[in-house]
Amino acid sequence: MTDTVTDRFLRYVVVDTQSDPSSVTQPSTAKQKNLGRILVEDLLAIGLADAHLDEHGYVYATIPSNADKPVPVICFCSHMDTAPDFTGTNVKPQIVRDYSGGDIRLTGDLQQVIRVEEHPALRDQIGNDIITSDGTTLLGADDKAGLAEIVAAAKYLVDNPDIRHGTIKLLFTTDEEIGRGVDKVDLKKLGAQFAYTVDGETAGHIEDETFSADSVEVIIHGAAIHPGFAKGKMENAIRIAGAIIDRLPKNIAPETTDGRDGFIHPTGISGSMEKASLGFIIRDFDEQGLVDKETMLEAIVKDVMKAYPGSSHTFTVRHQYRNMKTILDRHPEIVENAVEAIRRAGMTPVRGSIRGGTDGSRLSFMGLPCANIFAGGHAFHSPLEWVSRQDMERAVKTLVELAKVWAERS
């Protein structure tokens with residue numbers, strides 16, 4: 001178990017699987033299927049005879065039950081894509097063996113430094129082996145650590161038939177990073193009753209709560225005219241868009257909030273004098289907080305537009321996902337069993353919330369209640385991303401123990 005998860009992880013991260021929010025296909029990038037094919041080969045080699053890649057890029061597989069009684073069917077899920085935020089092309093993983101403390105300067109770009117002051121979780125890694133990129137790409141621990149851990153746990157269960165467990169379904173998704181991770185999942189084919197995404201950060205953590213999330217698109221139609229004759233006539237859509245951004249409250253932004261605070265986050269701006277587009281994401285743990293922030297944003301837009309009587313706008317809200325705690329509170333055994341598995345794996349369980357969302361958020365509301373277990377990675381979506389070998393091994397052990405707990409408690 002010790003070497004297998006690291007070896008798998010190092011093989012998976014060098015496959016470029018970056019998703020593309022501008023694409024209309026599923027998966028959004030064909031290269032995600034390259035990793036899907038590798039995963040299918042690995043699962044077939046383990047002995048999971050039904051492992052396959054479907055037309056949408058999803059990988060499905062089954063670890064058959066060896067229990068002598070009925071056990072609920074659970075699913076372990078991770079995603080194959082990496083975030084569009086930073087390049088995932090030509091990843092060169094580096095290993096800092098027997099980490100002795102201090103900042104880690106990345107060899108491919110010496111300006112990139114994982115500083116202990118900014119990444120205090122490093123203080124818990126003394127003596128461990130830290131895996132990073134070379135600083136010119138992200139690493140891909142989000143969520144290839146989860147993939148490697150699930151495959152390693154599957155192999156361990158197959159190789160140790162004396163460990164009793166129920167049927168376990170494996171699901172590897174595409175396009176999670178752009179919010180489409182489970183758009184085409186066939187839940188009937190999957191056939192699971194409960195699930196866990198292996199997509200969290202710090203070892204020992206189990207999360208049963210996410211943000212609720214919407215996106216907002218604001219389209220501004222300005223009044224265009226030749227700039228030489230524009231006085232008193234032009235209403236530049238770009239300037240209007242800038243005025244809206246300038247009016248956003250500074251204390252309701254990702255960079256100024258933490259804990260259970262929600263935010264309004266501008267994610268894109270484009271356009272011309274005649275027409276401009278603004279994109280936002282809105283996040284809050286409470287449904288009412290989400291509505292309040294959308295109302296606030298719309299009020300700002302309308303107030304700015306008052307100064308431009310010759311212009312018009314549209315304000316469109318799109319549902320993204322909702323706080324999975326609403327569903328998970330109805331099935332406390334999902335988290336309780338994970339807490340026990342983490343404890344048996346030698347860690348102190350920590351229940352928490354995710355300042356974001358996972359495939360589990362949407363799966364929960366699609367009828368598959370799904371909590372989130374740590375994968376061990378840190379500093380996701382950046383060239384400073386890192387994970388330790390030991391934390392990945394802890395995740396493998398947790399998944400094995402989780403399979404045992406479900407069988408014992410059924």
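**Sheet**

I found C77 opposite T197 in strand 9. The model is predicted, so I noted its limits: local features need pLDDT of at least 70, side-chain atom pairs count only at pLDDT 80 or more, and totals for chains, interfaces and linings use all residues. Residues are numbered from 1 along each chain as its sequence is written, and side-chain values use heavy atoms, without hydrogens and water.

I then looked up strand 3 (residues 74-79), which runs parallel to strand 9 (residues 194-200) and is joined to strand 9 by four bridges. Strands are DSSP runs of E, at least two residues, and helices are runs of H or I, at least four, numbered from the N terminus. Two strands pair if DSSP finds at least two bridges between them.

I read the order of the open, eight-stranded sheet as 1-2-8-3-9-16-10-15, with mixed pairing. Strand 1 (52-53) and strand 15 (350-354) each have a single partner strand, so one side of each has no neighbour in the sheet.

**Helices 8 and 10**

I recorded that the axes of helix 8 (residues 332-344) and helix 10 (residues 389-409) come within 8 Å and cross at roughly 125 degrees. Axes are lines fitted to C-alpha atoms, for helices over the stretch in contact (heavy atoms within 4.5 Å), and angles run from 0 to 180 degrees between N-to-C directions.

In the contact I listed residues including I334 and A338 in helix 8, and L402 and W406 in helix 10.
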